[in-house]
Amino acid sequence: GRKVLSSHRFMRFPTTSTDVSKQWSTSKSNLLPTCIGPYRLKQRISKRISWNTPIPGIKPRPRIISIPLIEIWKEVPGKPIPRPPEGWDDLGAGGAESQGRWAWGDERLSNVESSVAVRTPFIDEYATGPLLKTRVIAELVAKMAVLLLISWLAITVALCAAMNVPLYIGHFAMYLLRVHDEYSHDPISFAVGAGFIGAFFGIVNKLHSVSTNCENNIVDAARDWLNLLQPHHSREKLRTIVTFVILWTFICPLLLGCTYGNFFAGPRVSWKNWKWSYEMQNLLLQWGTGMLLLNSWAALCYFRVFTKEFWVAIAMGEGNVNDNNNQDNPVGAEIRRMAEVNNLRGNAAGHVNDAQRRNNESDDKANFGWQGKNGAIGLSFKAVCNFFTSWEWDKIDRKAMLDNCVFPIAKHLAMACLIPSLLTLLSPSTGLTPSQDLMDGPSMRATFRVLAVTSVFMQLLHSKRDGLGHWYEAAHKIARDDQYLIGEILLNHTPTGTQTR
């Protein structure tokens, strides 16, 4: 508060002269300091209106008189300047919500602070009568009792739900998998249900994080999300996403569920007692089984459960397998692929160009996989999430979603389901005729199992035909080298008792 300019450190005493230009003394000895201890002096000129002396017959005229004044001010302690508490000086970088503190001034309140009620005293200061105080205390005790009762009910319901909901979900999963009650154990069912609940809460947490990033609530965020949808100029993108959703949601689960149900429970055929409601219920059950198995297999592929590195990481720790964890790294995969190509080129020296072309094609096919975030499942899942979260049409890739993912799955499931089913129905060993009512026949079940296993085995051999071809060529080369003694050291054989000249 003490800010005095150098040109106003002193002021002059005013004189009694009526001349304004001479009212201030020009002597340097008549200087008065403007700062004296806690007092501050300030000079100013006050203008007043004065009337001339009344003269008979003459109208008085007003006159402005300038009177020099000296104001005396005293410094007194005032109210302190409002400042945030210690550690709250940084009011930027996201505000109270991101910094985890209470809001200050005009800042936006956080969700916790805005939901806190205003503090009110239990007993009003104006409640002086004993009857009124007794009433207030009785209401307070009643509220506390109700609060304790509601808290007990909430804790009891939460504990019962935490113990029973995973168990019921696990039992329902076992029902979809056709597991008999004698072989269904509660600990296993509880673990399965807990896994599904964990995945569900992960999705809910993801949606909640998306909604909290928006300024509005979840309803407004959903409305804004729908408003962001814009049709694409090309129908190819729309055809790709619709085909993927139909195949992954309906066709593939139905094929997988029918295969699973026919293999373990046996084909259900009834010509006489055919009912629409029963068949639809059975079809819905098979679809649920297929959805459970298909999505579980996709999740296991996404987290690379079927790889050796996953189990090594569990056994040895995540930090000890960083060098072996390069499958999802594009740079490491490219380096590994180039090393394999160079190795194959070195081993194939002297071969014809056709053999080199086959080796290069086999390398390209070996790079394709289902495991990890950069596998077929991971890339498809990433593309679908990017599309449905932000409507990014450019993320839709037909090759990644259809050609490399859902089309091969649908083809193999169709071959594993339809071919054994048709051959089972047409097989003469089952004895199935339209005039008979055959359901879950043992011969049909055995025939379907044999045909299904044969179909899966043939598909496995077809998918591994390149590796089997290389193995056959290597075995043929070894046999040929052994027959013609290639690479062997030959020595002259001299019979015993024979002398050479």
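Me: Is R304 buried or exposed?

Reply: Buried means under 20% relative accessible area, exposed over 50%, and partly exposed in between (1.4 Å probe, protein chains only). R304 has a relative accessible area of 8%, so R304 is buried. Before we go on, this is a predicted model: local features need pLDDT of at least 70, side-chain atom pairs count only at pLDDT 80 or more, and totals for chains, interfaces and linings use all residues. Residues are numbered from 1 along each chain as its sequence is written, and side-chain values use heavy atoms, leaving out hydrogens and water.

Me: Where does R304 lie?

Reply: Helices (H or I, at least four residues) and strands (E, at least two) are DSSP runs, numbered from the N terminus. R304 sits in the loop between helix 7 and helix 8 (308-316). The backbone is worth a look too: phi of R304 is near 60°, a positive value in a residue other than glycine.

Me: And R178, what is its phi?

Reply: R178 also isn't a glycine, and its phi is positive, at about 60°. You'll find R178 in the loop between helix 3 (130-176) and helix 4 (186-213). With a relative accessibility of 27%, R178 counts as partly exposed.

Me: Which residues have the most contacts inside the largest nonpolar core?

Reply: A nonpolar core is a set of buried Ala, Val, Leu, Ile, Met, Phe, Trp, Tyr and Cys residues joined through side-chain atoms within 4.5 Å. The largest one here has 26 residues, and those with the most contacts inside it are F244, W248, C252, I377, M401, V406 and I409. At least two residues of this core come from each of helix 6, helix 7 (276-302), helix 11 (376-390) and helix 12 (398-426). Take I377: leaving aside its neighbours within four places in sequence, I377 is in contact with W248, W297, A298, C301, W370, C405 and I409.

Me: At what angle do helix 6 and helix 13 pack?

Reply: Axes are lines fitted to C-alpha atoms, for helices over the stretch in contact, and angles run from 0 to 180 degrees between N-to-C directions. Helix 6 (residues 235-264) and helix 13 (residues 442-463) pack at about 130°, and their axes are 8 Å apart. That makes helix 6 oblique to helix 13 (under 35 degrees is roughly parallel, over 145 roughly antiparallel, 65 to 115 roughly perpendicular, the rest oblique). Helix 6 brings T259, N262, F263 and F264 to the contact, while helix 13 brings R445, F448, R449, A452 and V453.

Me: Is W73 buried or exposed?

Reply: W73 has a relative accessible area of 51%, so W73 is exposed. W73 is part of strand 5 (residues 62-74). Apart from neighbours within four places in sequence, W73 is in contact with P38, Y39, R40 and K42. W73 and Y39 are 34 residues apart in sequence, but 5.5 Å apart in space, C-alpha to C-alpha.

Me: How many helices and strands does the chain have?

Reply: The chain has 14 helices and 5 strands. Of its 501 residues, 23% are buried. Among contacts between residues at least 6 apart in sequence, 58% join residues at least 24 apart.

Terms used
Contact means heavy atoms within 4.5 Å.
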